[in-house]
Amino acid sequence: MSCFSSFSRTVKPAVPFPIIRSCGEVSNKCYAKRDDDDAFQCSIRGARPSIILEFMARTVEGDKDILEERRTIFENGEYGALATTREVFRYSSCLVLLVCKADAAPGLLEHNESLILVQNVPMEILGTKILYRYVERNRKIVLSCAKGDAAFVVWKKRSSFEYNVYEDLLYYVLIEEKFMEIFAENINVTRRGSLVIPRVEVKHEGMYVCVSGDGVSDSTIAYKLDVIVYPNPAYPVITGCSHRDYCELRRKYQGNLTCEVKGIRPQIKLEWKIPSQQENDKITFPTHQLTVEDNGETFDVTLISTYDIQDQSLDRMTVECNVLEPSHTKLKLSRKFDLIFMRGKQRLITR
């Protein structure tokens with residue numbers, strides 16, 4: 001009886017789930033990037049009775065076998081098992097959810113499966129249409145990942161456009177036993193895998209890329225996120241104008257005009273416009289001096305220009321200082337004012 005008992009005893013392994021080498025022994029779920037052809041390995045040590053391991057790729061079409069090698073080890077009366085695979089991207093090229101399955105006696109393991117979401121690198125977004133998003137500072141923004149239902153998503157961000165280096169923001173597996181991990185602060189994810197930034201700050205600017213897949217197909221979407229900071233005051237300031245809604249400047253037929261915008265983001269340019277097309281050819285701006293001061297998160301922009309009125313029979317003219325913002329923004333800032341001309345001997349005024 002004692003002899004039979006020694007051969008039929010049950011030994012639970014110290015780690016109660018199959019160990020995927022890239023994940024370690026802390027959790028049976030993780031995420032990894034693969035930039036070479038190293039094998040993925042899964043193992044069990046110190047168990048009795050013996051365990052059989054298999055490597056599968058989990059897809060919306062079911063689990064697909066990708067096992068390449070399997071071994072069983074017997075040492076000191078206990079069993080070990082090893083499973084290896086290299087061709088992890090056999091069914092999809094960007095993302096794959098690998099599952100190491102253990103065929104074990106009931107109760108021997110706490111988890112009979114271990115999962116690892118693997119992203120293929122280097123990641124290229126060449127050919128991917130970039131969607132531009134501009135959002136006001138301190139506002140919330142939601143970036144959608146996939147048009148349809150995705151099985152798993154990975155969000156990344158590139159802050160510097162000088163280097164093609166992406167940081168991992170989060171990964172999310174949405175099928176069956178869902179699991180996820182967020183690596184960055186002050187972001188979240190919806191149940192469908194969309195990225196949420198509850199309170200946008202300037203530091204959130206950059207290129208956001210989401211890679212999604214279902215095990216048999218992949219898709220990539222990219223966003224260029226820029227932050228809008230409105231100036232204070234929230235309109236161009238004309239030197240000599242003290243009122244926002246209406247302003248008259250008494251000037252000669254030649255002189256200079258100064259327009260300023262302080263504390264704005266993104267960086268903008270300024271231009272002079274004549275709202276009336278009939279008067280557009282009656283004034284010229286011979287010289288311009290545009291200065292930009294970088295305050296760290298915002299910019300102060302000043303435009304000083306000389307003007308020359310061609311038709312000196314005019315009594316007045318409406319002029320507009322207009323903000324030339326980058327495309328796709330919603331700034332649309334401008335300031336109109338009236339020049340009231342003083343007759344008499346003219347002299348070009350410069351600064």
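Asn 28 counts as buried, because its relative accessibility is 7%, below the 20% limit for that class. The model is predicted, and Asn 28 sits in a loop of it, between strand S1 (19–20) and strand S2 (29–34). A polar atom of the Asn 28 side chain lies 2.9 Å from the backbone oxygen of Glu 113. Glu 113 is also among the residues that Asn 28 touches beyond four places in sequence.

Lys 157 belongs to strand S12, which spans residues 152–158. Its relative accessibility is 7%, so Lys 157 counts as buried. Where does the side chain of Lys 157 reach? It reaches the backbone oxygen of Lys 203, at 2.9 Å.

The surroundings of Lys 157 come from several parts of the chain. Neighbours within four places in sequence were set aside. Contacts of Lys 157 then include Val 165, Tyr 166, Glu 167 and Leu 169. They also include Lys 203, His 204, Glu 205, Gly 206, Met 207 and Tyr 208. Lys 224 is 67 residues from Lys 157 along the chain, yet their C-alpha atoms are separated by 9.8 Å.

Lys 157 also lines the second largest pocket. The volume of this pocket is about 150 Å³. Glu 167, Leu 169, Lys 203, His 204 and Tyr 208 are among its lining residues, and these five are also in contact with Lys 157. Ala 184, Glu 185 and Ile 187 complete the lining. How many of the lining residues are nonpolar, polar and charged? Four are nonpolar, one is polar and four are charged. Lys 157 is one of the residues of this lining, and its side chain reaches the backbone oxygen of another, Lys 203.

Confidence was then considered along the chain. The mean pLDDT of the protein chain is 90, and 94% of its residues reach 70 or more. Among the elements, strand S16 (residues 195–197) has the highest mean pLDDT, at 98. Helix H1 (residues 2–8) has the lowest, at 43. The pLDDT is below 50 over residues 1–7, a stretch with two contacts in the model beyond near neighbours in sequence. Over residues 346–351 the pLDDT is also below 50, but this stretch has 15 such contacts.

Conventions:
Residues numbered from 1 in each chain as written. Predicted model: local features only at pLDDT ≥ 70, side-chain atom pairs only at ≥ 80, totals over all residues. Heavy atoms only, no water. 1 Å grid on protein atoms, 1.4 Å probe; cavity = no way out; pocket = protein on both sides within 12 Å on 5 of 7 lines; lining within 4 Å. Points joined across faces, edges and corners; volume = space filled by probe spheres on them. Nonpolar A, V, L, I, M, F, W, Y, C, P; charged D, E, K, R; others polar. Helix = DSSP H or I, 4+ residues; strand = E, 2+ residues; numbered from the N terminus. Buried < 20%, exposed > 50% of the residue type's maximum accessible area, 1.4 Å probe, protein only. Contact = heavy atoms within 4.5 Å. Polar contact = N/O pair within 3.5 Å; in protein donor to acceptor, adjacent residues only side chain to side chain. pLDDT = per-residue confidence, 0-100.
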